Amino acid sequence: MTHLEKVKELRARTDVHFNCCQAVLVTFAQEMGITEEQAFALGANFGSGMRCGSVCGTLTGALMVLGTTSYPPEQADAFRRRFLDEHGDINCAALLKKSHDAGIPRKEHCDGLVFEVVQMLE
């Protein structure tokens with residue numbers, strides 16, 4: 001199963017909610033050297049922009065993946081800049097407002113960012 005297939009499965013589940021950060025972390029748990037349960041717990045407070053509309057959970061999760069898989073800081077910075085360039089912001093609240101104004105439902109917006117970030121990490 002590819003990372004994208006895995007994360008799509010996680011986001012489609014209805015028995016448990018994987019926030020954006022958790023979905024990214026659980027998808028890459030093996031590469032990070034942690035269990036899926038540990039990844040789920042680690043990302044618990046990083047959904048919805050650290051639970052306060054701050055930095056997008058997909059980006060936070062991606063930076064954690066890069067950090068634990070020995071990518072140099074320059075590559076993490078490049079990843080963050082690419083996200084910013086492509087979306088115009090890195091903060092959850094601003095990204096959600098932009099998608100709301102465009103008429104995109106929240107789940108569709110967040111799923112799209114999760115899938116995009118997972119593909120970028122691959």
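Me: What counts as a pocket here, and what as a cavity?
Reply: On a 1 Å grid over the protein atoms alone, a cavity is a set of points where a 1.4 Å probe fits but cannot get out, whereas a pocket is an open set with protein on both sides within 12 Å along at least five of seven lines; lining residues have an atom within 4 Å of a point. Grid points are joined across faces, edges and corners, and the volume is the space filled by probe spheres set on them.

Me: And what sort of model is this?
Reply: The model is predicted: local features need pLDDT of at least 70 and side-chain atom pairs count only at pLDDT 80 or more, while totals for chains, interfaces and linings use all residues. Residues are numbered from 1 along each chain as its sequence is written, and side-chain values use heavy atoms, with hydrogens and water left out.

Me: How much space is in the largest pocket?
Reply: The largest pocket holds about 280 Å³. Its lining comprises 21 residues, and those nearest the centre are Arg-11, His-17, Asn-19, Cys-20 and Cys-110.

Me: Which elements give two or more residues to that lining?
Reply: They are helices H1 (3–12), H5 (47–53), H8 (92–101) and H9 (106–121). Helices are DSSP runs (H or I, at least four residues), numbered from the N terminus. The greatest contribution to the lining comes from H9, with 5 residues.

Me: Which residues of H9 are buried?
Reply: Buried means under 20% relative accessible area, exposed over 50%, and partly exposed in between (1.4 Å probe, protein chains only). Among the buried residues of H9 are His-109, Cys-110, Asp-111, Phe-115 and Glu-116. Helices H1, H2, H6, H7 and H8 are included in what covers the buried residues of H9.

Me: Take His-109; what does it touch?
Reply: Leaving aside residues up to four places away in sequence, His-109 is in contact (heavy atoms within 4.5 Å) with Leu-95, Leu-96, Ser-99 and Ile-104. Its relative accessibility is 13%, so His-109 counts as buried.

Me: Changing topic: how many residues of H6 are buried?
Reply: In H6, 9 of the 12 residues are buried, so this helix is largely enclosed by the rest of the structure. Gly-57, Leu-59, Met-64 and Val-65 are among them. The buried residues of H6 pack against H2 (20–27), H3 (29–32), H4 (36–42), H5, H7 (73–87) and H9.

Me: What follows H6?
Reply: H6 is followed by Ser-70, which sits in the loop between H6 and H7. Ser-70 has a positive phi of about 65° although it is not a glycine. Most residues other than glycine have a negative phi. With a relative accessible area of 65%, Ser-70 is exposed.

Me: Where is Met-50, and what is its phi?
Reply: Met-50 is found in H5, and its phi is also positive, near 60°. At 35% relative accessibility, Met-50 counts as partly exposed.

Me: Last one: where does Asp-89 sit?
Reply: Asp-89 is in the loop between H7 and H8 and, at 23% relative accessibility, counts as partly exposed. Asp-89 touches Phe-83, Leu-84, Ala-94 and Leu-95, not counting residues up to four places away in sequence. From Ala-41, Asp-89 is 48 residues away in sequence and 26 Å away in space, C-alpha to C-alpha.
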